[in-house]
Amino acid sequence: MTTDAGGTPPRSRVFDTAAPRFAGGLAYSRAGAGEPLLLLHGLASSRGAFNDLVPLLSQHFDVISVDLPGHGDSPRLGSGDVMTPASQARAVARLLDELAIDRAHLVGNSMGGWVALELAADGRAASVTGLCPAGLWEPPVKRDITLEINRRLAITLAPVTPLLLHVAPLREFLFRNGVERPYRVSYHIARTTADGQRRADGYDEAHDGMLHRRFQRAQEIPDTVPVTVLFGDNDKLLTVEQHQIRSLAPDHARWIVMPRVGHAPMWDDPEHSAAEIRATATAAQRGLREAQATAQLKPDRSSAGARV
């Protein structure tokens, strides 16, 4: 973890977010104990997007919430790579290496879901849960206008954001395109979201890094790695017609549509989201136990040969 000159952890640039720790050049927060589980946010967001989900998961896992490159408290990529989901996955892999984690349960929303799939194809996943993952789409040729407007608003309205978001009807109006149950978006999540949009220094590179591309490595994810793809039934950003192409997901993936949910299941229904994440991770744990039991039952051919 990096510190300032006085030895005190630096404060986060994002509202209601823990002081960052750093590994592999990326900022992260950590809570709970158990098998490692990574949370990867979407474009123009931050690790604070999962603040409602962390308490539900940290009872069962070592939860590591990560700021992707150029978002939250993480700097932009310094490697010269185009900031595609694949290059972001390599950055997250460096964080895993520094934390001495070979494989982790991966959970990603939107762009973070695509990054999680790339990491799985690279062999770093124990399981994957994509919450409205990007990349399973017809490749976009231009930036998403809704995301562009949201970021400009977050920057322009920064001086009055705290005041505006305290007004519940206005807060619900502002979040109506991202969620189906805007009344569940608290002031703290709304303020964290606005801060994340405003502080996303790598927004342009990350947005452009998804243009003319889609996830194409489904066959590289082994069927021993459970995958769940979860979309809301009214995702206004990633629509059924263009952005939810099931054939681009691994053949063994579970495909779930959540009722009354938009593009941010962890805000619309954090309880159901946490339950599906746990179910996916449990499938991985069960598969590992079964594989170990099968290995123990197999005869040791080398020993048998030595006795002949």
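Tutor: Buried means under 20% relative accessible area, exposed means over 50%, and partly exposed lies in between. Keep in mind that this is a predicted model.

Student: OK, which residues of α2 are buried?

Tutor: In α2, they are P85, S87, Q88, A89, A91, V92, A93, L95 and L96.

Student: How does the length of α2 compare with what 1.5 Å a residue predicts?

Tutor: The two agree. The 14 residues of α2 should span 20 Å at 1.5 Å a residue, and the end C-alpha atoms are 20 Å apart.

Student: What follows α2?

Tutor: A100 follows α2, and the phi of A100 is positive, near 60 degrees.

Student: Switching to the core. Which residues touch the most other members of the largest nonpolar core?

Tutor: L38 and L40 do, in a core of 53 residues. Helix α3, residues 111-121, gives this core its largest share, eight residues.

Student: What is L38 in contact with, beyond its neighbours within four places in sequence?

Tutor: L38 contacts I64, V66, V92, L96, A104, H105, L106 and V107. Two of these, V92 and L96, are also on the list of buried residues in α2.

Student: How many residues are in the second core?

Tutor: The second core has 29 residues and is separate. Its members include L39, L53, V54 and I277.

Student: New topic: S127. Where is it?

Tutor: S127 is in strand β6, residues 125-131.

Student: Is S127 buried or exposed, and why?

Tutor: Buried, because its relative accessibility is 1%, and the cut-off for buried is under 20%.

Student: What does S127 touch?

Tutor: Leaving out residues up to four places away in sequence, S127 touches A104, H105, L106, V225, P226, T280, A281 and A284. With H105 there is also a polar contact between side chains, at 2.7 Å. A284 is 157 residues from S127 along the chain, yet their C-alpha atoms are separated by 6.1 Å.

Student: Now charges. How many salt bridges does the count come to?

Tutor: The count comes to 19 salt bridges. In general, side chains of opposite charge can pair when their charged atoms come close.

Student: Which residue does E205 meet in a salt bridge?

Tutor: E205 meets R76, at 2.7 Å from N to O. The pair links distant parts of the chain, 129 residues apart. E205 sits in helix α8, residues 203-208, while R76 is in the loop between β4 and α2.

Student: Are E276 and R254 buried or partly exposed?

Tutor: E276 counts as buried at 13% relative accessibility. R254 is partly exposed at 34%.

Student: Which residues do salt bridges with shared partners join into one network?

Tutor: R143, E148, R152, D204 and D208. Within it, R143 and E148 meet at 3.4 Å, N to O. R143 is partly exposed at 26%, whereas E148 is buried at 12%.

Terms used. Residues numbered from 1 in each chain as written. Predicted model: local features only at pLDDT ≥ 70, side-chain atom pairs only at ≥ 80, totals over all residues. Heavy atoms only, no water. Core = buried A, V, L, I, M, F, W, Y, C linked by side-chain atoms within 4.5 Å. Buried < 20%, exposed > 50% of the residue type's maximum accessible area, 1.4 Å probe, protein only. Helix = DSSP H or I, 4+ residues; strand = E, 2+ residues; numbered from the N terminus. Contact = heavy atoms within 4.5 Å. Polar contact = N/O pair within 3.5 Å; in protein donor to acceptor, adjacent residues only side chain to side chain. Salt bridge = Lys/Arg side-chain N within 4 Å of Asp/Glu carboxyl O. Expected span 1.5 Å × (residues − 1).
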